[in-house]
Structure formats: C-alpha cells, structure tokens
Amino acid sequence: MQIDIRPMVLPAHPDEDGPAGDEFRLAHAYNERSNAERYGEGLYVNTPVEFLASLQPNADYRLDRLHAWDGDRLVGIITVYSNLLDSTDVVEAQPELSSELSAAEQHELAEALTERAHELAAAAGRSTVIMSTVGAAEGAVTATSGFGGADPAHPEAAPLVRRGYALEQVYRVSVAELADLPDLDARLVAAAAGAPAYELVRWIGGTPAEHRPAMRTLYERMSTDAPIGNLAWEEEVWDEPRLAEFERTVQAGGRTLLTVAARERSTGELGGFSTLILPLSGATARQHDTLVTKPHRGHGLGMLMKLDNLVRLRELRPELVRVVTWNAEENRPMLAVNEASGFAPVAYEAQWQWKAER
Ligand SMILES: CC(C)(COP(=O)(O)OP(=O)(O)OC[C@H]1O[C@@H](n2cnc3c(N)ncnc32)[C@H](O)[C@@H]1OP(=O)(O)O)[C@@H](O)C(=O)NCCC(=O)NCCS
C-alpha cells in the first residue's frame, strides 16, 4: 500500500465545490462510519455543519488533522490536539483506521500515523504524547490506574507499545435510554427531597452573568477533581475569555449547551453543576461535565442534577431519546451515580501516554 499522509484543507462551508469541499465530504462520511464502528450506530452523529465547526481554529487548542490516502481512497485519519492555555507540553491524538483495510495494512498505517503525531510533537517542542485507542473492560494490558485494559496487539495500540507508551487510564463509554426510566419524575422528586438545603438553577446556552465567576471556578475544579491517573494534564485556569470561548466552541454549528447547577440555599454558593450537549441531529444527547465540590458532596447532588437534566431533555428535545457519557473506569463515585440512573457500557477507550526521555 502506497500511503500519502497530508494535512486536511478545510472548505469555507460544507457544500463548497472543488477539492477542499470534496475532501471534507469524504472526511465527514468517514467520521460518521468510524464513530458508528467505535461507539455503535447512531450514538455519535454530526451534521456536516457541526462537523466543520468542530474542525475550526480555537483560542484554547490547536487542531492538526492529517488524512492518509491510498490513491483517492481516504484510509486513515489522525487528529492531534495541542492545548494552548495549559498542558502546553502535551499533544493528544486519536487515530481512526479504515475498517476496509487488511490487518497488515492497518498496522502499517497506524505506525505511519503515530510517527506523524510524534513529528508534530517534536516540531512543537512538546515532550508528552497522549493517544486514545480502542480499550476494553479487561485486556492483556491493565491500565496503571488499576481499572480497564487494552489489547496491545490491536493495530492502534501496537505502535504505542513499541514506543514504550504506558496505558494509564481507560474510559467507559455508557448510554442511558430514557425509555428505560419510566419512573424518572418520581426519581427526581426523591432526589430533590434528599437535598433540601439546595435548589437547582438552570440555563440554556451561555452562562448568565451572575453565575459566570462561580462557573469558572467549577470548571477549574473539573480539571483537578475528576480522576486523570498518571496522565500529564495540568490544573486549568478559567478566566472570562476562556469560559466565553468554551461556550462558543461547544455550541458551534448549532449545538445547545444545557446546564443545571445546585445552589446552597443558605449561602447562595454553587456547589456543583452538570451539563449536556444537544446535537442538531440524531437521537443521542451527550453528557458533558458533572461535578460536586468537596464541601457539598454526600447530598446526592450529582444524581439530582443528572436526573433534572434528563427531565429537561425529555421536555426540550423529545427526539433525543438517549444520553451517552464518558467516565474513567476508576471513577467509582461517578459510575455509581450513572449506573443507578440507567447507564450501561457500550465501549471503552484506552488512554496511552509517552514521555520523551530528558
Ligand atoms: C461524582 C460526584 C459528582 C458525586 O458527588 P455527590 O453527588 O456528592 O455524591 P453522593 O452524594 O452520591 O456521595 C455518596 C458518598 O460518596 C462520597 N463521595 C462522593 N464523591 C466522592 C469522591 N469523588 N471521592 C470520595 N468520596 C466521594 C460522599 O461524600 C458520600 O459519602 P457519605 O455517604 O459518607 O456522605 C463527585 O464525586 C465529583 O464531583 N467528582 C469529581 C468530578 C468527576 O469525577 N466528575 C465526573 C467526570 S466524568
């Protein structure tokens, strides 16, 4: 196989005539197929507008996307993110290999794509590479977190094992079907009764001015309180421009950000929040963050906020009949809430890390 790997050229809009538009449409179809293979049919779908928006430059991270061609056949992609505000020593990459290739071709291509990610890291002077590949509940290699594993012989993983990557963490991808929660309203009432010292505040889209300082702090806590194993992610600092850029990016292409926060009645303090991202099409909403800060834990606020979001989702967008979420396999407190509200695993993702010797 003669592989040619080159940066993707973005069109101005999804219907643009000419080579950039043609490449974009191929890439969109490829992305839809690879998401279906990775997570299941219909679980992660993007309209062309959403997909193009997700590839746009951003103030928080640089995005490099390389396409691998066998003649005029798109056979592989690697997407490389380089954070610009923190974790500036890290590049994060995800390969997507065409399932139409033979196993030998997949191995050859994964090697070439991994090499290109390392070239990008070296050129940017970044010494840590985090790669996301197919993972498993249990595998021949266990994550250093102690939870979840991966197959080191998988074509995506083999080039990483050869380079001395460590499997640090495994994410569980789980789905809840709203139809399986006929008692949702009763559950929500019970959860609210268990946390009488709190009231919920809700908004759609950008955070209202009165909650912006508190939400910036809560987003910062997400980066320190959710387990990251040995991965080299740094604590994040969220100033006002960062919050605004996040809200713009996450809603680019027409998606909706749905937020609920728990406010302590006596102090007015926001003790936690939970967010959903509502895509334009398909039937699956995406869970984004959920957090309760340490002083406010133990009142079932995580469950209360998740149930409230599900009820609101059902009212606002009834065609979105399920929710998908990503959780670290060792994150027992979050998994306990999710399992109790109907989430069941559909896939696993392995997080491998390589550090240059200094
Ligand atoms: C997941 C999370 C929201 C649950 O918080 P919560 O709703 O307050 O949890 P619960 O009320 O169900 O807590 C039940 C018990 O577990 C304890 N607990 C909750 N989260 C805990 C944690 N992360 N570590 C240790 N103990 C925890 C509570 O203190 C409580 O103990 P108690 O019964 O002795 O009072 C919270 O742990 C959290 O914010 N974690 C960090 C952020 C995160 O990982 N988000 C998910 C990313 S995918």
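Which residue has a polar side-chain atom that lies 2.8 Å from an oxygen atom of the ligand? In this predicted model, that residue is Asn 331. The protein covers 62% of the 900 Å² of accessible area that the ligand has on its own. The points below take the ligand site, then a cavity, and then several individual residues.

**The ligand and its surroundings**

- The ligand is surrounded by 18 residues, and the closest of them are Thr 290, Val 292, Gly 300, Gly 302 and Asn 331.
- The elements that give two or more residues to the shell around the ligand are helix H6 (212–225), strand S12 (284–292), helix H8 (301–316), strand S13 (322–328) and helix H9 (332–340).
- Among the contributors to this shell, S12 gives the most, with 3 residues.
- By residue class, the shell around the ligand divides into 9 nonpolar, 7 polar and 2 charged residues.

**The cavity**

- Rolling a probe the size of a water molecule over the atoms shows where empty space is left.
- When the whole structure is searched, 1 cavity of 30 Å³ or more is found, and the volume of the largest cavity is about 50 Å³.
- The lining of the largest cavity is formed by Tyr 30, Arg 33, Ser 34, Glu 37, Leu 97, Ser 98, Ser 99 and Glu 100.
- Helix H1, which spans residues 19–39, gives the most to this lining, with 4 residues.
- The lining residues of the largest cavity divide into 2 nonpolar, 3 polar and 3 charged.

**Buried residues in helix, strand and loop**

- Asn 327 has its place in strand S13, and Asn 327 counts as buried because its relative accessible area of 6% falls under the 20% limit.
- Although Asn 327 and Val 173 are 154 residues apart in sequence, their C-alpha atoms are 6.6 Å apart in space.
- Arg 242 is placed in helix H7 (residues 240–250), and with a relative accessible area of 7% Arg 242 is buried.
- The side chain of Arg 242 reaches the backbone oxygen of Val 237 at a distance of 3.0 Å.
- Thr 293 lies in the loop between S12 and H8, where, at 10% relative accessibility, Thr 293 counts as buried.
- Thr 293 and Leu 270 are 23 residues apart along the chain, and a distance of 8.9 Å separates their C-alpha atoms.

**A backbone feature at Ser 87**

- Ser 87 is found in the loop between strand S3 (73–83) and strand S4 (90–97), and the relative accessibility of Ser 87 is 2%, so that this residue counts as buried.
- Most residues other than glycine have a negative phi.
- Ser 87, although not a glycine, has a positive phi of about 50 degrees.

Notes: Residues are numbered from 1 along each chain as its sequence is written. This is a predicted model: local features need pLDDT of at least 70, side-chain atom pairs count only at pLDDT 80 or more; totals for chains, interfaces and linings use all residues. Side-chain values use heavy atoms; hydrogens and water are left out. A residue is near a molecule or strand if one of its heavy atoms lies within 4 Å of it. A polar contact is a pair of N or O atoms within 3.5 Å; within protein, one must be able to donate a hydrogen and the other to accept it, and residues adjacent in sequence count only if both atoms are side-chain atoms. Accessible areas come from the Shrake-Rupley method with a 1.4 Å probe; for residues, only the protein chains shown count as cover. Ala, Val, Leu, Ile, Met, Phe, Trp, Tyr, Cys and Pro count as nonpolar, Asp, Glu, Lys and Arg as charged, and the others, Gly among them, as polar. On a 1 Å grid over the protein atoms alone, a cavity is a set of points where a 1.4 Å probe fits but cannot get out, and a pocket is an open set with protein on both sides within 12 Å along at least five of seven lines; lining residues have an atom within 4 Å of a point. Grid points are joined across faces, edges and corners, and a volume is the space filled by probe spheres set on the points. Buried means under 20% relative accessible area, exposed over 50%, partly exposed in between (1.4 Å probe, protein chains only).
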